[in-house]
Amino acid sequence: MKIFLATHGKMAGGMASSLDILLGGCEALTTYDAYLPGEDDLLDQSLETFFKNTPAEETKLLVSDIYGGSVNRRMVCAAGGKENTYVVSGITLGLLMEFASMTDENPTAEDIDEVIAEARENTVRVELEESEEQEKAAEDDFF
């Protein structure tokens with residue numbers, strides 16, 4: 001599987017940097033930071049090159065930051081009619097790490113949906129517990 005990650009601003013490049021630190025990188029990942037000031041808009045060209053350089057039988061995963069955003073809509077247009085191509089939006093670093101670990105495979109739509117469902121479960125509000133010092137301070141304040 002090959003992954004093309006495009007986001008508004010520098011998020012895609014930042015996530016690639018994080019993958020370098022956490023996983024030692026991902027050779028199957030192509031990134032595009034869209035709409036940077038002073039930069040030409042080459043998203044469509046980059047997508048075209050990505051498709052040209054990826055065998056038709058290989059799974060292609062196009063990943064964006066915001067569902068319905070301009071980057072996502074352009075990916076949907078580029079993916080139209082192409083076999084073995086999936087578009088995912090709402091990327092998180094955890095989800096990208098899971099996708100990166102699947103690049104030696106040719107996952108199906110069901111496989112991708114399963115990974116997305118697992119990632120949803122990992123997006124939670126963390127309950128904060130009071131430390132013993134905080135509890136002691138609260139007790140002292142009470143008396």
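Good morning. I begin with a term: a residue is called exposed when its relative accessible area is over 50%, and buried when that value is under 20%. The structure I am presenting is a predicted model.

Let us apply these terms to helix α5, residues 109-121. On one side of the helix, E110, E114, R120 and E121 are exposed. Residues I112, V115, I116 and A119, by contrast, are buried. What covers them? The cover includes strands β3 (60-64) and β4 (85-89), together with helix α4. As to its length, α5 has 13 residues, which at 1.5 Å a residue should span 18 Å; the end C-alpha atoms are 19 Å apart, in agreement with that expectation.

Helix α4, residues 93-100, also packs against helix α1, residues 11-23, at an angle of about 60° and with the axes 11 Å apart. The crossing of α1 past α4 is right-handed. From α1, the contact is made by M15, S18, L19, L22 and L23, and from α4 by L93, L96, M97 and A100. Of these residues, 8 are nonpolar and 1 is polar, with no charged residue.

Finally, I turn to T59, in the loop between α2 (43-52) and β3. Is T59 buried or exposed? With a relative accessible area of 3%, T59 falls under the 20% limit and is therefore buried. Beyond its sequence neighbours up to four places away, T59 touches M1, K2, N84, Y86, N106 and P107. T59 and I3, 56 residues apart in sequence, are 8.6 Å apart in space, C-alpha to C-alpha. Thank you.

Key: Residues numbered from 1 in each chain as written. Predicted model: local features only at pLDDT ≥ 70, side-chain atom pairs only at ≥ 80, totals over all residues. Heavy atoms only, no water. Axes fitted to C-alpha atoms, helices over the stretch in contact; angles between N-to-C directions. Helix = DSSP H or I, 4+ residues; strand = E, 2+ residues; numbered from the N terminus. Left-handed = near helix turned anticlockwise from the far one by under 90°. Contact = heavy atoms within 4.5 Å. Nonpolar A, V, L, I, M, F, W, Y, C, P; charged D, E, K, R; others polar. Expected span 1.5 Å × (residues − 1). Buried < 20%, exposed > 50% of the residue type's maximum accessible area, 1.4 Å probe, protein only.
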